[in-house]
Amino acid sequence: MKTRWRKAGNFGLKRKAMVIFLLFVFLPTIGVGVIVQYKYNKVLREQFISATRRNLDNVTSQLGEQTKMVEDIADYFILSPDMRNFLRSYPPLEAEQRSVYKRNIEDFLTFQLMSRSYIRSIEISGYNGNAIEMGEPFSGDEGKWEREAVARKGGILWTEGYPLNSSWNGQVRVLSMIRVLNSFSEITKSLGMLTIRLDEAEIAAQLEKGVLAAGYGSVFVMGGAGDLILESVNRLPDGYVPDQGLMQRLTAGSSKLATAEIGGKRYLTMYNQIDNSDWKVVVLISEGKMAEEFRSVKIVMSIILIAILVLALTALLGFHYTIIRPILRLKIETGRVAGGDFSARVPVSSQDEIAELGSKFNEMVMTIQQLIDHKYKLELREREAELRLMQNQMDPHFLYNTLDMIRWTARLEQAEQSSQLIEMLSRFFRASVNNGSYQTTLGKEMEFVQAYLYLQQYRLGDKLSYSLHLEPGIEEAVTLKATLQPLVENSVKHAMDRSKAVHTIEVKAYTAEDEIRIDVTDNGTGMTPDRVREIAATLDRRPSMRVSGHEGALRNIHERLSIFFGQDYGLRIIHTSGEGTRIRVTLPLRQAGSEGGEDHGQ
């Protein structure tokens, strides 16, 4: 988790502003907009379904009342004395009696036809030969329905829609109620048959208009056995009629809702049961039409959402041009100053806090440039002179002792060993000569140490043993001249333990944690804790405070390295005891640019 936050912290201001805009403006706005649209569409859908169901309840109730009214007419005729007398077979009716009964019945039928426009005709056929036909005259084959009505023995039969020929309007479709009229006193005795024909188109239009807007779907009236009684004028694709599977899904759930896919389109389906009947009114509503109903709301919501995003984007651009861009410009100019270009300036075009920051930056650059011209250059000259003075410090006793040793060796031996000693001394002087530069490579500094230790080993014999280790790849790393040799010289001069047969010195250079470490280890007498604290305090003193002796040599090396490479590098004591001492020099990984001490001839 910390790594992720650290990586996020490395983003630039532009990327951070974009991430903040995405996380806290764009995505929440889109998310809230989608959720609001989803919830609002859901509410609108529920309201649409609720309104449709209310309309369906009203239409179903109206249709139930109409069918009930038709059935009441049939019940009235069974109970009517005029009807019973008109249809009786015995005793026979006189002409005047027949005319009176017929007129009474026709008056009743006329009232029903005039008050109920959905009834197109009423026909009474008596088995005694008497008949009455009121309303629109129809002709056609109704034998199927009459036989089924006879089979019901006085039960009411509602037919499905079927075609008949009208003398007034040609072929039309009607929905009929057919019932055998039985005698009230002799319930098993059939007197005649009653047929009440309803206008299928008017009932269908009434259903469709009462439930749906134009073109939104279709309405069906289904019988108890799943048979189609009638359907609305607006037909579904391929003449689809609700099947048993859809009806089972509708009646199985408590919500009386289901979805059906017809002709590649989805339809929402609902139904209502007609009271006192096994008929069901089934409504199929196109979900595409429902979506069109909500389209205007969606457009308004989308416009509001886009307007919010445009305002947020405008705020982001304003934030970029008024805050981020000036800060980035300040960053660029700061980089120029860091690269040594002190002509960098930040344009100031306003009076806000960022403009004030730019003005202060310009003043700071001018001040820095003045300091460089006057103080910093002078200080650099002083430090360079100080480094050169430190570089030239060397103990002359070593030169005298070496020359004396070479003189006695030349008397006792042939020229071969003397030549070798003189060669090593030549290497030593060649590496120590300044030649105008105080830099060298780590490889050449190790050669310098090797020449010194070789000469000392020849002088001390078996009492001195040494080893040098240099990790491959860092031979060209930059260091200062005479950095390691004084440490080795201190070990030979001040740390030799007379009680030990052999004094060993190990110099090991290697890389660790992006820096170079050089450990100088001996098996000498070591230092006391007080001595270690004293030397450590000496290394921490300011450059102007001078010390001498052994402490001065260590201080000299540490100060040279700190001045040249920085305060993070230098010399420190790693370990010291009666078994020996380890001193470590730390350097940066830096390749040599120019080096001194090797440009002259031998």
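Start by selecting Thr479, which sits in strand 15 (residues 478–480). Strands here are DSSP runs of E with at least two residues, helices are runs of H or I with at least four, and both are numbered from the N terminus. This is a predicted model, where local features need pLDDT of at least 70, side-chain atom pairs count only at pLDDT 80 or more, and totals for chains, interfaces and linings use all residues. Residues are numbered from 1 along each chain as its sequence is written, and side-chain values use heavy atoms, leaving out hydrogens and water.

Is Thr479 buried or exposed? Thr479 is buried, because its relative accessible area is 1%. Buried means under 20% relative accessible area, exposed means over 50%, and partly exposed is in between (1.4 Å probe, protein chains only).

Now show what surrounds Thr479. Leaving aside neighbours within four places in sequence, its contacts (heavy atoms within 4.5 Å) include Tyr438, Gln439, Glu445, Phe565 and Leu587.

Next, move to Val19, in helix 2 (residues 13–79). Val19 counts as partly exposed because its relative accessibility is 30%.

Zoom out to the whole protein. How many helices and strands are there? The protein has 15 helices and 19 strands. Of its 602 residues, 41% count as buried. Among contacts with a separation of 6 or more, 62% are between residues 24 or more positions apart. Finally, colour the surface: the protein exposes about 33,800 Å² (Shrake-Rupley method, 1.4 Å probe), and carbon and sulfur atoms supply 54% of that area.
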